[in-house]
Structures are given as structure tokens and as C-alpha cells.
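This briefing is for a reader who is meeting the structure for the first time. It goes through selected local features, grouped by topic.

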Amino acid sequence: MSQKILFITPPFTQLNTPYPATAYLKGFLNTKSIPSHQCDLGIEVILALFSTNGLSSLFQDIESRNPELSDNARRIFNLRDEYIHTIDPVIAFLQNKNTALAHVICERSYLPEASRFAHTDDLDWAFGTMGLQDKAKHLATLYLEDLSDLIVEAVDPHFGFSRYAERLSSSANTFDEIHQSLLEPDSFIDRLTLTLLKQKIADYQPTVVAFSVPFPGNLYSALKCGQWLKKHHPAIPRVMGGGFPNTELRSLSDPRVFDFVDFITLDDGEATTLLLLEHLDGKREADLLKRTFRRVNGEVIYSDGATERDISQSDVGVPDYSDLPLHQYLSVIEIANPMHRLWNDGRWNKLTLAHGCYWGRCTFCDTSLDYIKRYEPSSVQLLVDRMEQLIKQTGQIGFHFVDEAAPPALMRALALEIIRRKLSVVWWTNIRFEKSFSYDLCQLLRASGCIAVSGGLEVASDRLLGMINKGVSLTKVAKVTDNFTQAGIMVHAYLMYGFPTQTAQETIDSLEVVRQLFEAGVIQSGFWHQFAMTAHSPVGLHPEKFNVKIENKTVGTFANNDLVHSDPSGCQHELFSDGLKASLYNYMHAIGFDLPLQEWFDFKVPHTKVNPHFIEQAIESQEYQPVSSSASIVWIGGKAAIDYFSKKKKKRSYPMAQLRFSNKHSEVSIQLKEQEGKWLMAQLPSLAVANTSLPTFEELQTSFEEETGEDFILFWNSKPMMSLRKNGLLML
């Protein structure tokens, strides 16, 4: 194939780690021996802007135009010499290069400060007295946000660290406003972006340029880059794909979009990209492309005549992060939220355990789209092979599995394989709070390096959970979150308010459940968001089943996903927003549990009807799951030694065995009857995690009862065995 493609992530996504789409596609093309390059213009624009030269140019631009500034912006402008002097060391610090700077940052004598520093009295409460590096990262982040405020006010109102011109792209049924903005003179940020793009084209000399647009905040920059390419390199085809087109542009009909790009592809990019490259090579007719929009004779045409299937998970290859400046990303801490810390601080290798969602039934989710409904798990051996290759490639042992919801069975197999290979990794992912996450499984996940999970609690109401078809109950959620917490795995809960027909009573009762979950210590982080109806969800497709009415039924010519709806049987959901968020912020810091729920709202709300001990009782009522005869038994604890002794009781001596296990943090010792001890010692080799075929509970029961003549169920639930089960003897 003669084509050479350049994948671009346009500004802006994340500061701390590259968005993985381009690395996924480059890794796939490697399997086909097709040359490709990639760049993250987002981080490169940030680094160019927040530098001595970048800020000097920024302040000169403001000075030349002399706009009217607010008091805060004027203060930042007056302190411009201090910002220019400190910016390079601060960026290096956030790149984990000169960590000693944390001392002077925390002394509050080094950084210039504006309005973002107004509420920093609680830093010791948030970070403690020993969290020097974290505290300094937070202060350095506030310093950058002050500069961002100046940029938004005086230079470019579209600017944001993880988005650009997002407002233009959000719910844009027509292309008019975006089109008008694209025809206006280039902004300061545009000029930086296009200068870097020009250099990338010169360096890589691609024959095709493809933009990955995962979010609304990437769209404008992608189209601006496409506009520049059309003017300066008209022979280079321009392609756009990613999450935003996948959800928003499925009914695109405005031909003006194709002044800025030549092709727009939907859903998984591997097959669509491969077939498009064949077309550009003259080896495939345009009608035989896969899920691709283009313009023909002034009209938008959708081509999907390809007979080739999407690429299977076993054939997508290993993500390839080469070309990306992995050591130049910034670790920032915006707020003292443990899950936000994972999102924004540190670099994570991104992988997918399974394509699609194994559950795929939630009524608020885009379950009609391919990226959700087509479930295909990966081979565990192949996944861990890819993990090892990524560690070697990037030097990073941190992994974020970016699944819609990671399947428990696959997580179990993954954990066992990681432990078998003795890999030192740290990982986190998104889950459903389902009963499969037993205490034992959570212990196994933690032993393999799992540090956090995020999951959709959504609405803390069993009636609404039924309408959502989440497949869980509040009592199950309570127990599962307790299992994770006991294992030392942080739990983040996605929380929703405003689901169709939700009443004020249910909103307040949901808040009470959330309060109890935090007070019990079984979730450590959370985030409330208001329900948004989308065109591809069951609620959007069948609103009459949920007693809501769609107000914007007319299909637009550009983006069509967000649906405006009315909820005649529900409450005024937006009224609850500030109170829900304020209460959650306090609960995350173990404050305000004793306050009446009314205190968080400036209007009258109902008294909660939830039992004040509901979560506590839910946790205590289900200590262990029923025994499954087919469950596998595995020992992940330390080496064992056995000693024999006699125990006198009522003038009789009983032969006994003492088994000692050396674990990482302690010695575990249990006493059993001699025959039981010998049996257990004989079984330990077969229970070792290194074995790919582990004995089942039923097999152990048969062996134990044949050898000892005792009742295995009584033995399994005895105090000595309970001690072992809490220290590495797991039933999976």
C-alpha cells in the first residue's frame, strides 16, 4: 500500500496521558505493515503556550490590543513577568522532572496567585501535612487555571485545558454556528495549533491525515486543521472519526462539513481506515467503503457496501504509542477527589478487555450503537501479552482498562494470569456493581494490582434501577462496594438525577442512600450528573414507555444525539443540582453526615423515607455468598510450614497440626486436627495460582471427606479456615 497516514488528536483532551485512539489504530496498521505516524496536537499546543516564549507572545498580544480586563485578569497581566519567569520550572515540575520545586511552591512564596487561590484554606485538610508533592501539584494546577482564566477573558473565549470550542459543538443540530466560527480570522490558539500542524506535515510528509475526535471539545480544532490542509496541501485527503462522529453525526446531511474534511467514518476505526486506504490507493470503489460519509456532486453520501467484517479483538494488534511525547504530559490535581486524581495525574496505558458491553441493557445508554451492543471479549493470554509489550514500549506499569463495563469473569481470569506471570502492574477500570464481585474475587483483583473501580450506581432507588434495567439492587450495591473497600480497592460511583418520572422524594431518598454509603466508608468518590436523553438509547428510541415527551423531534442536518425532553410526571430536576453536588463534596471529605438533608438545599425538600440504618443492615446481612460446588479454589498466600503437637483436653491427648503461612505483612497461624492439617498441606500445591486448572469446591469436598471422614462444609466454615479465607484462600 502506497499511502502513509498521519493520525492526529486535535486540541484538547487530557493533560496527563494521550487519548488512546490513534495508538490503537497505529498498532493495528502495524499488523498490516502499513506505515503511519501520530501526534497529540493538544499536549503540544499546551506545552507551546505554557512556556517562556508562549506566555511572552500571549502577553504581547494582550498588550497590543489593550482589551478591557476584569480586576482578576488585570492582576494576572500586571504579574506577567512573574508568570514568564516561573512557567518553565512549573511545567517541568508537573512533568515530574524537578520535584524539589514542591518545597517552594507549598511555601506560597514562589507562584503568582490570582482568583483560583481564593479557597485554599483547606489544603492541609485535603492533602495532609505529608502530601507535599500532591499539594504542590494542586497549587501549580491553580496557577495554570489562573492563566487559563486570562486566556478565556482576553484572548480566546473557546479555550479550555481539556476542550476547545466545546459549546459550539455540543447539541449542534445545525452546522451554522461552527461554520461561521471557522470562517473568522484565526485566534491566538488557532495560530499555535496550525504552526505545529505545519511542522508535523513537513516532518512526516503524509499522504493522508486522519483526525480522531472523541469529544465535542475536539471538533472545532479538527475542522480548523482540515481547513488549513485544504488551503496549503489540497492533495492530502482529510479523514475524521472518533466518539463524536460515532454518536452525533450518524444522520449528517450538511455538505458544508466536507469543505473541511473529505471523509467521516463511524464506529470502530480499524476496518474503516484499512478499506479507505485501499480506496485511496485505487484498489476499492467508493461504494464499497465501510460506514463512511463523503460528498458527491454537492450531496452527502453514506457508503457502507463493504462485505468485510470489523476486525476481531484478537487481530487489532498492540497499541503503539511511538511518536507521542510520553514524558512531557502533565500530572495535574484540580480538586481533592481520589478518582479525579486517577483521571488527571500520572500516565496510563489504555487497553480494552472486551469490545462492547457484556450487559448492554441500561435504558439510558446508547445500546443501539455498535460500540455498545457488539460484545466481544479478548483472550486473557493475549491481553497480558499486550500488557507486557506496552510496559516494554512505554516504561509504564499503569493500565486503565477503558471498557464500558469490565466483565467480572474476564477480570478474574486477567487477575490470575497477571499473578501467574508475576507482573508488577497497577490497574483500574469501570464495572457494574453486580453480585459476582464477591469478597474473594475482590481480594484476587487487589492482589493482581487493581487499585480502583468506577461504577454506575446511577439512581439510588430500586424502582428507578428497575426502569433503568441496571440489573442490580441497592442491597447488592452496598455489599459489592463493601467487598471492594475491604480489599483496599477504591470505589467511585457515577450518580444520576433527573431520570424520567423521578420524584423529589426519590431524589432525596437517593441522596440519603449516597450519604449512608459514604458514612459506611464503602464508596470513597462520586459524581452527580443530570440525566441526558440521547437518540440512540432505549429512552430516546421509545420515550412513550418512560412517560416523557421529546420536544426536538426534527432531525437536524449536523449533530443529532441529545434530545430535549419534558417530564410531566417528574419534578424540576435542575433545582437539585447545587445541593446534590455540595453535599457530595462534603461527604467525600467525611463532613456533614449529621446534617439534615434539607441543609443542602435553599428550597423545601421532602424528608427522606430511607431507614437510617439501611446500608449498614444491607452490608451486615450478607457476609458470605452461598457455596458453589463448581467454584474454583485458589491459594494466593505465602509459603506454608507445618508442625505437629498434642493437645490435652479432659485428660486426653489429641494429635494436632499447626500451619504457619508467611504473608507479605504478617504471619498467619492456624491449628487443625493432625489429619486435617496433613490433608490441607497436601492440597496446597494444587491450589497454587500457577496452576491453570484449579480444583473445584466439590473436588476438595470429595477428597477431604474420603480422607478424613469429616464434614467438609463444617471444616470450610470453621474459625481456622475462616482465618485462611481472609488471608489468601479464595473461592472464585
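Lys422 sits in the loop between α18 (408-420) and β14 (426-431). The model is predicted, and in it Lys422 has a positive phi of about 55° although it is not a glycine. With a relative accessibility of 72%, over the 50% cut-off, Lys422 counts as exposed.

- Most residues other than glycine have a negative phi, and most peptide bonds are trans.
- Gln205 is another non-glycine residue with a positive phi, in this case near 45°.
- Gln205 belongs to the loop between α11 and β5, and its relative accessibility of 58% makes Gln205 count as exposed.
- The peptide bond that joins Pro11 and Phe12 is cis, with omega about -5°.
- Phe12 is placed in the loop between β1 and α1.

- Strand β1 (residues 5-9) runs parallel to β2, and 5 bridges join the two.
- Within this pairing, Ile8 stands opposite Cys39 in β2.

**Helix α2 against helix α11**

- The crossing of α2 with α11 is right-handed.
- On the α2 side the contact involves Leu41, Glu44, Val45, Ala48 and Leu49.
- On the α11 side, these meet Phe188, Ile189, Leu192, Thr193, Leu196, Leu197 and Lys200.
- Sorted by class, the contact of α2 with α11 has 9 nonpolar, 1 polar and 2 charged residues.
- An α-helix has 3.6 residues a turn, so residues three or four places apart point the same way.

**Helix α19 against helix α21**

- Helix α19 (residues 439-447) and helix α21 (residues 474-486) have axes that come within 8 Å and cross at roughly 35°.
- This crossing of α19 and α21 is right-handed as well.
- Tyr439, Cys442, Gln443 and Leu445 of α19 make the contact with Asn483, Phe484 and Gln486 of α21.
- The classes in this contact are 4 nonpolar, 3 polar and no charged residues.

**Helix α24**

- Helix α24 (residues 577-588) has 12 residues and reaches 17 Å from its first C-alpha to its last, close to the 16 Å expected at 1.5 Å a residue.
- Its buried residues are Ser577, Gly579, Leu580, Ser583, Leu584, Asn586, Tyr587 and Met588.
- Among the elements that cover these buried residues of α24 are β16 (490-497), α22 (504-519) and β17 (525-530).
- After α24 comes Ala590, which has a positive phi near 60°.

**The sheet of 3 strands**

- A further open sheet has 3 strands in the order β23-β24-β25, with antiparallel pairing.
- Its edges are β23 (640-649) and β25 (667-673); each has a single partner strand, so one side of each is left without a neighbour in the sheet.
- Neighbouring strands here are turned by 25° against each other on average, direction ignored.
- Strand β24 (residues 652-662) runs antiparallel to β23, and 10 bridges join them.
- Two of the bridge partners in β24 are Arg652, for Lys649, and Ala657, for Tyr644.
- β23 and β24 form a hairpin with 2 residues between them, and Lys650 in that turn has a positive phi of about 55°.
- Helix α26 (residues 674-687) lies across β23, β24 and β25, and runs at about 130° to β25.

Terms used
Residues are numbered from 1 along each chain as its sequence is written. This is a predicted model: local features need pLDDT of at least 70, side-chain atom pairs count only at pLDDT 80 or more; totals for chains, interfaces and linings use all residues. Side-chain values use heavy atoms; hydrogens and water are left out. A crossing is left-handed if the near helix is turned anticlockwise from the far one by less than a right angle, and right-handed if clockwise. Helices (H or I, at least four residues) and strands (E, at least two) are DSSP runs, numbered from the N terminus. Contact means heavy atoms within 4.5 Å. Ala, Val, Leu, Ile, Met, Phe, Trp, Tyr, Cys and Pro count as nonpolar, Asp, Glu, Lys and Arg as charged, and the others, Gly among them, as polar. Two strands pair if DSSP finds at least two bridges between them. The expected span of a helix is 1.5 Å times one less than its number of residues. Buried means under 20% relative accessible area, exposed over 50%, partly exposed in between (1.4 Å probe, protein chains only). Axes are lines fitted to C-alpha atoms, for helices over the stretch in contact, and angles run from 0 to 180 degrees between N-to-C directions.
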